[in-house]
Amino acid sequence: MHLILAPSNLGLRPLRPGHVPGAWRAPQALMAQRLVERLAAGAVSTLPKPSYSPLAQPGTRIRNGHAIRTFNLQLAEAVAAVQEGGDFPLVIGGDCSVLLGALAGARRAGPLSLVHIDGHSDFRHPGNYDAEQTLGAVAGMDLALASGRGEPLLTTWPGVTPPLVPERQIVQLGERESRDVDFAWPDIAQTAIERIDVFTAHRIGEAEIARRIERVLAAQPQWRFWLHLDVDVLDQTVMPAVDSPGSPGIDRQWLEDIGARLLQNPLCCGMTVTVFDPDLDPTGHYAALLVDMLAAMFQQPGA
């Protein structure tokens, strides 16, 4: 395993005037909890922290859009290099915008499926909101962008025919808002994305969740797949140290079991872990919990 530390907060909106989201500190917080030792990682690469701005930029209606592209081009190079060397890239973000660079790098070796585990569907795109009135935040857009919806700035990548992942080869697990009457992105229901919201997940149970994921992956049995884990998929009583906490969430043990099962599959070619905010974890308790979860998924013994 090769850890790629991707300290980006570029895809997040400020929660209040003057606020700078703290998710960029997640890699260093997990490293302080002995992430390398716990996962028996063989190598670590660190990308430089980009500069965050809450302001609109010329030529894009996405907050930090140009900086996100620059950072993700760097990340794509890092992921591609790790895979070319025969190693497994584990990308520690940062916010969900790092998924784009990870997929762009992995796609250089061929088409991909995607298992997107997140408490939100992240399907915001100009087709379901007024981009002229509101700046887009990529942490709520990453799945839409990955499936080819949104500004070419973040849907078109060097050496890759868009989209990064075709919608029929995407599983979204854990979203908790689509049954709300004011759900912002109802058009996701018109796509071929396999959606298992948190309520369905609780109803069908762990084994059936795993079966549905594997059914989608089996539709392209030669394709590799990427695993994305946004830790806000956990209930806020378990993981409150995130930008947008919520309830209910996917059971921690289920996540560990499903993650372990996917990571054991030789077609799993990389993983992103995102949106943990150490600013909301002053004691380090939740950083330690997250490292414990990753160790369980990678089936490494505790320290």
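Predicted model: local features only at pLDDT ≥ 70, side-chain atom pairs only at ≥ 80, totals over all residues.

Reader: Okay, helices. How is a packed pair described?

Author: By the angle between the two axes and the distance between them.

Reader: Then give me α3 and α4. What is the angle, and how far apart are the axes?

Author: Helix α3 covers residues 65-84. It packs against α4 at about 40 degrees, and the axes are 7 Å apart. That angle makes α3 oblique to α4. The crossing is right-handed.

Reader: Which residues meet there?

Author: From α3, Phe 71, Asn 72, Leu 75, Ala 76, Val 79, Ala 80 and Gln 83. From α4, Val 98, Leu 100, Gly 101, Ala 102, Ala 104, Gly 105 and Ala 106. The contact of α3 with α4 has 10 nonpolar residues, 4 polar and no charged ones.

Reader: How many residues of α4 are buried?

Author: 10 of its 10, so α4 is mostly covered, by the under 20% cut-off. The buried residues include Leu 99, Leu 103 and Arg 107.

Reader: Tell me about Leu 99. Where does it lie?

Author: In helix α4, which spans residues 98-107. Leu 99 has a relative accessible area of 0%, so it is buried.

Reader: What does Leu 99 touch?

Author: Leaving out residues up to four places away in sequence, Leu 99 touches Leu 114, His 116, Asp 142, Trp 226, His 228 and Thr 272.

Reader: And how far is Leu 99 from Val 231?

Author: They are 132 residues apart in sequence. In space, the C-alpha atoms of Leu 99 and Val 231 are 14 Å apart.

Reader: Next pair. How do α7 and α8 cross?

Author: At roughly 15 degrees, with the axes coming within 11 Å. Here α7 is residues 198-218 and α8 is residues 252-263. At that angle, α7 is roughly parallel to α8. The crossing of α7 and α8 is right-handed.

Reader: Who makes the contact?

Author: On the α7 side, Ala 201, His 202, Gly 205, Glu 206, Ile 209, Ala 210, Ile 213, Glu 214 and Leu 217. On the α8 side, Trp 254, Asp 257, Ile 258, Arg 261 and Leu 262. The residues in this contact of α7 with α8 are 8 nonpolar, 2 polar and 4 charged.

Reader: Why would residues a few places apart on a helix point the same way?

Author: An α-helix has 3.6 residues a turn, so those three or four places apart point the same way.

Reader: What about α8 and α9, at what angle do they cross?

Author: Roughly 40 degrees, and the axes come within 8 Å. Helix α9 is residues 285-297. So α8 and α9 are oblique to each other. Their crossing is right-handed.

Reader: Which residues of α8 meet α9?

Author: Arg 252, Leu 255, Glu 256, Gly 259, Ala 260 and Leu 263. They meet Leu 289, Asp 292, Met 293, Ala 296 and Met 297 in α9. By class, the contact of α8 with α9 has 7 nonpolar, 1 polar and 3 charged residues.

Reader: Switching topic. Where is Asn 9?

Author: In the loop between β1 (2-6) and α1 (26-32). Asn 9 has 0% relative accessibility, so it counts as buried. Neighbours within four places in sequence aside, Asn 9 contacts Val 20, Pro 21, Trp 24, Tyr 52 and Asp 95.

Reader: Last one, Glu 194. Buried or exposed?

Author: Buried, with a relative accessible area of 18%. Glu 194 sits in strand β6, residues 194-196.

Reader: What is Glu 194 in contact with?

Author: Beyond neighbours within four places in sequence, Glu 194 contacts Ile 170, Val 171, Gln 172, Arg 212, Arg 215 and Val 216. Glu 194 and Ile 170 are 24 residues apart in sequence, and 6.2 Å apart in space, C-alpha to C-alpha.

Key: Residues numbered from 1 in each chain as written. Heavy atoms only, no water. Axes fitted to C-alpha atoms, helices over the stretch in contact; angles between N-to-C directions. Helix = DSSP H or I, 4+ residues; strand = E, 2+ residues; numbered from the N terminus. Parallel < 35°, antiparallel > 145°, perpendicular 65-115°, else oblique. Left-handed = near helix turned anticlockwise from the far one by under 90°. Contact = heavy atoms within 4.5 Å. Nonpolar A, V, L, I, M, F, W, Y, C, P; charged D, E, K, R; others polar. Buried < 20%, exposed > 50% of the residue type's maximum accessible area, 1.4 Å probe, protein only.
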